[in-house]
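Morning, everyone. Please have the model open while I talk. I'll go through it piece by piece.

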Amino acid sequence: MVLKEEIYKLVQLQDVDSQIYNLKSKKDNEIPKELDNLKNSFETRKKDFDVFSDKLKQLQVKKKEKELDLATKEESVKKSQGQLFQLKSNKEYQAKLTEIASLKADVSLLEEDVIKAMDEIEAADKKAKEEKSALSNEEKKYKDMETQLKNELTEIDAKIKGLEEKKSNLAKDIDKHILARYEKLIKSRYGCAMAPVNIETENCGACNMRVTSQKINEIKMYDQLVLCENCVRILYLPEDFSL
Ligand SMILES: [Zn+2]
């Protein structure tokens, strides 16, 4: 086993694993979150619209009640006017006239209420129509976006499948023990087991901590895997592989 070659294979494997890691994170976190946000924001908007529609219905009910009151009062006015001629005394007649005047005042108030309710309904109805059309646009956008994201999920699955195949092809040529160490790191280090050393700044490319010159010399010797003292990833020198 030539360690340098094994490390080169690990670097190639890491490239595939990084792609898999990013795709999985998109599939398991980003896209579901985006889908959730879309759904929530549309449902909030829809709920607002439902509340508004309910208010409109209440206004219509209120108007009907007022119209009914109005009809009843108008009926009473008619009835009282009819009774006027049957009354015997002037006192009763005057009392009836007062009653009619009071009923007529009620009628006029109710007429105002009905007109006011009609104006309110007209304004609310106009707004409801606008909101309904905006909501329907929003729903279309939401559904389109949802389809797009779901298609993206399918594409991601296909890509991951292809990369997994590539990975197993690469992995089968790697020393079992080295591969096992690598896989352990991949799992525990957010999908990143390999850290390139920046030879100029002498830093670990993954965690940015300093890598001593002695460590760099150890890497160049290719006797054993050299790990970053801070993030414990496998260090390598990109220059050695013309990377
Ligand atoms: Zn490090």
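Let me start with a definition: helices (H or I, at least four residues) and strands (E, at least two) are DSSP runs, numbered from the N terminus. Lysine 96, for instance, lies in helix H2. Before going on, two notes on the source. This is a predicted model, where local features need pLDDT of at least 70 and side-chain atom pairs count only at pLDDT 80 or more, while totals for chains, interfaces and linings use all residues. Residues are numbered from 1 along each chain as its sequence is written, and side-chain values use heavy atoms, with hydrogens and water left out.

Back to lysine 96. Is lysine 96 buried or exposed? Buried means under 20% relative accessible area, exposed means over 50%, and partly exposed is in between, using a 1.4 Å probe and protein chains only. Lysine 96 has 14% relative accessibility, so it counts as buried. What does lysine 96 touch? Contact means heavy atoms within 4.5 Å. Not counting residues up to four places away in sequence, lysine 96 touches Ser80, Gln83, Leu84 and Leu87.

Now the salt bridges. A salt bridge is a side-chain nitrogen of Lys or Arg within 4 Å of a carboxyl oxygen of Asp or Glu. How many does a search of the whole structure find? It finds 17. Here are three of them.

Take lysine 24 and glutamate 164. Their closest N and O atoms are 3.5 Å apart. This pair links distant parts of the chain: lysine 24 is in helix H1 (residues 3-84), glutamate 164 is in helix H2 (residues 90-171), and they are 140 residues apart. Lysine 24 is partly exposed, at 35% relative accessible area. Glutamate 164 is partly exposed too, at 32%.

Next, lysine 26 meets glutamate 152 in a salt bridge, 3.3 Å from N to O. Lysine 26 is in helix H1 and glutamate 152 in helix H2, so this pair ties together parts 126 residues apart in sequence.

Then comes arginine 45 with glutamate 138, again a salt bridge, at 3.3 Å from N to O. Arginine 45 is in helix H1 and glutamate 138 in helix H2, so the parts tied together are 93 residues apart in sequence. Salt bridges that share partners also join Asp17, Lys167 and Glu183 into one network.

On to the nonpolar cores. A nonpolar core is a set of buried Ala, Val, Leu, Ile, Met, Phe, Trp, Tyr and Cys residues joined through side-chain atoms within 4.5 Å. The largest one has 19 residues. Which of them touch the most other members? They are Ile7, Leu10, Tyr182 and Met194. H1, helix H3 (176-188) and S3 each supply at least two residues of this core. Leaving aside its neighbours within four places in sequence, isoleucine 7 is in contact with Met194, Tyr222, Leu225, Tyr236 and Phe241. Apart from this core lies another, of 11 residues, among them Val211, Val226, Cys228 and Leu235.

Helix H4 comes next, residues 213-221. Its buried residues are Lys215, Ile216 and Ile219. Seen down the axis of H4, they fall within an arc of 100 degrees, so they line one face of the helix. That arc is taken from the directions from the helix axis to the C-beta atoms. On the other side of H4, Gln214 and Met221 are exposed. What do the buried residues of H4 pack against? They pack against strand S1 (194-198) and strand S3 (234-236). After H4 comes tyrosine 222, whose phi is positive, near 50 degrees. Aspartate 223 is in the loop between H4 and S3, and it is exposed, at 60% relative accessible area.

Last stop, the zinc ion. Donors are N, O and S atoms within 2.8 Å of the metal (3.2 Å for Na, K and Ca); water is not among the atoms, so sites may look incomplete. Which residues are the protein donors here? They are Cys204, Cys207, Cys228 and Cys231, each through SG, lying 2.3 to 2.4 Å from the zinc ion. In sequence, they are spaced C-x2-C-x20-C-x2-C.

Why is the arrangement tetrahedral? The 4 donor atoms subtend angles of 103 to 115 degrees around the zinc ion, which makes it tetrahedral. Four donors count as tetrahedral if all angles lie between 85 and 135 degrees; four count as square planar and six as octahedral if opposite donors are over 155 degrees apart and all others between 65 and 115; anything else is irregular. Cysteine 204 is buried, at 1% relative accessible area, whereas cysteine 207 is partly exposed, at 22%.
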